[in-house]
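Please walk me through this structure.

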Amino acid sequence: SKSPYEYRMIAKDGGTRWIIETVTPILFGGEPAVLGNSMDITERKKIEEELSESEVRYRAIFENTGTAMMIIEDDMTISMVNDEFGELVNYPADKIVGKRKWTEFVVESDLERMMEYHRMRRMNPESTPSSYEFRITDGKDRVRDIFLAISVIPGTKRSVVSLMDITERKEADRKMKEAMELKSQFISTVSHELRTPLTIIKEDIAIILD
């Protein structure tokens, strides 16, 4: 037999109780015997089952939020990701979880700022922004603009992170800004060209009148 081991037994009230038992070979009255020590662990098993159910529900939510999600540890290791995150960085989940740090995906010029956020957040979560923008690199060395929302999981030093790809929006904003600058330059140029002939005409009229 294995020691310790768990089993279920029927109680007097008809309910089921979980028992953990350890057994030790002994000599009793000069004869081989077994000393058993049993403990009721029904409440512990109930808590474990509830935690397991909660984890299943949590994972279901985590996997189906529709946005890229990851959980990062105190040492910056990525301990959980969903499929959307894998698609964002062009890496399969089994190549990320427990093997990569989130810092490996951050553009170098944004890295120092984010590492400082990571450090300060574990000292005082209120001291750092809960959302901000940064740039991420994927497995094909493409750079993406990201809007990030992050929160420390209560009672831990782990963070849950949500990431939204805003590259197209940022590109649209950049093009709009360039278009507005070109428009401003065009208006300034046309205005100057219109003012110049008018100035000449006014000068000619002034000479004729004189």
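Tyr7 has Ile19 in S2 as its bridge partner. Tyr5 stands opposite Glu21, also in S2. Strands S1 (residues 5–10) and S2 (residues 16–28) run antiparallel and are joined by six bridges. Strands here are DSSP E runs of at least two residues, and helices are H or I runs of at least four, numbered from the N terminus. Two strands count as paired if DSSP finds at least two bridges between them.

The model is predicted: local features need pLDDT of at least 70, side-chain atom pairs count only at pLDDT 80 or more, and totals for chains, interfaces and linings use all residues. Residues are numbered from 1 along each chain as its sequence is written, and side-chain values use heavy atoms, leaving out hydrogens and water.

Five residues lie between the strands of the S1 and S2 hairpin, where Gly14 takes a positive phi near 90°. The open sheet has three strands in the order S1-S2-S3, with antiparallel pairing. S1 and S3 (31–40) are the edge strands, each pairing on one side only.

| State in H3 | Relative accessible area (1.4 Å probe, protein chains only) | Residues |
|---|---|---|
| Buried | under 20% | Asp110, Met114, Tyr117, His118, Arg121, Arg122 |
| Exposed | over 50% | Glu112, Met123 |

The buried residues of H3 fall within an arc of 120° seen down the axis (taken from the directions to the C-beta atoms), so they line one face. What covers them includes strands S4 (68–72), S6 (131–137), S7 (143–152) and S8 (159–165), with contact meaning heavy atoms within 4.5 Å.
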